Amino acid sequence: MTKPLILVVEDEPGIADTIAYALGSDGFTPEVCASGAEAVARFAARPPQLAILDIGLPDMNGFELFRQLQSLPGGKDVPLVFLTARSGEIDRVVGLELGADDYIAKPFSPRELVARVRTILRRSQRAAAARPAAGQQDQEKKMPSGHDGIARGAIKNEVSVEAGPFLHDAGRRLIRYHGQPLELSRYEYGLLATLIQRPGRVFTRDELLQQVWDDPAASFDRTVDAHIKTLRAKLRAVRDSEDPIRTLRGVGYALREDLP
Ligand code: CA
């Protein structure tokens with residue numbers, strides 16, 4: 001079997017060398033680029049199995065590079081990992097809703113990065129194997145999972161649950177807050193749906209990862225925090241004066257029970 005090609009876009013030679021060495025000694029073929037333009041050219045010439053993008057690049061930022069790579073043939077099929085140096089960047093990555101496992105915060109350990117790459121590759125190979133046909137991919141992505149529950153034989157918990165100002169219609173994957181339907185990402189929805197099931201019950205970050213994420217081992221506690229943050233912002237947009245989610249420092253989160 002050939003070694004998976006991993007495109008590494010990082011302008012700091014020290015970091016690029018560390019990543020390339022870690023990947024190279026663990027069964028991967030790293031290809032290092034120091035700029036976005038070079039990355040686009042290499043990607044177009046030979047799409048890698050996975051790409052690691054630094055966000056702070058000399059000629060464009062990692063988000064712009066991400067968009068350019070996505071527009072290349074086959075670009076949407078290549079999983080991406082962002083390297084971020086600041087927590088503000090993590091919020092942006094999460095905000096893009098590329099999936100929770102799409103970033104690694106600097107400083108990181110090379111072993112952690114390689115483990116992450118391995119997990120993401122395994123998952124994307126599984127997903128590719130499960131894909132019915134290439135033409136249906138885009139359609140599937142637009143459809144929230146569970147929407148076509150009958151076809152997948154996966155109808156469960158199709159009851160509406162009310163918890164204070166929340167009304168959860170599980171069959172529709174819809175949560176209303178003070179009567180207003182919320183537009184939630186997959187993870188925000190999963191987190192809120194879990195909290196709503198048991199108002200007052202404290203869920204640890206680890207429990208939330210287990211409940212909501214497909215691959216909890218590849219995610220971090222901080223991922224939960226980042227999605228709770230974006231979820232809170234959406235709730236605040238509906239009712240500014242209210243924070244229905246309690247934070248238990250160092251432990252986890254709970255839905256407040258004393259809500260009108
Ligand atoms: Ca940089």
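**Figure 1. Pairing of strand S3 with strand S4 in the predicted model.** Ala-51 has Leu-80 in S4 as its bridge partner. Strand S3 covers residues 50-54 and strand S4 covers residues 80-84. The two strands run in the parallel sense and are joined over four bridges. In general, the strands of a sheet pair through backbone hydrogen bonds, in either a parallel or an antiparallel arrangement.

**Figure 2. The open sheet of five strands.** The strands follow the order S2-S1-S3-S4-S5, and their pairing is parallel. Strand S2 (29-33) and strand S5 (103-105) form the edges, each pairing on one side only. From one strand to the next, the twist averages 20 degrees.

**Figure 3. Helix H2 packed on the sheet.** Helix H2 comprises residues 36-45 and touches strand S1 (5-9) as well as S2. The direction of H2 makes about 140 degrees with that of S2. Strand S2 is also one of the edge strands of the sheet.

**Figure 4. The crossing of helix H8 and helix H9.** Two packed helices are described by the angle between their axes and by the distance between those axes. The axes of H8 (residues 186-197) and H9 (residues 205-212) come within 10 Å and cross at roughly 115 degrees. This crossing of H8 and H9 is right-handed.

**Figure 5. Residues at the contact of H8 with H9.** From H8, the residues Tyr-187, Gly-190, Leu-191, Thr-194 and Leu-195 take part. They meet Leu-208, Gln-211 and Val-212 in H9. Classified by type, the contact of H8 with H9 contains five nonpolar and three polar residues, with no charged residues.

Terms used. Residues numbered from 1 in each chain as written. Predicted model: local features only at pLDDT ≥ 70, side-chain atom pairs only at ≥ 80, totals over all residues. Heavy atoms only, no water. Pairing = 2+ DSSP bridges. Axes fitted to C-alpha atoms, helices over the stretch in contact; angles between N-to-C directions. Contact = heavy atoms within 4.5 Å. Left-handed = near helix turned anticlockwise from the far one by under 90°. Nonpolar A, V, L, I, M, F, W, Y, C, P; charged D, E, K, R; others polar.
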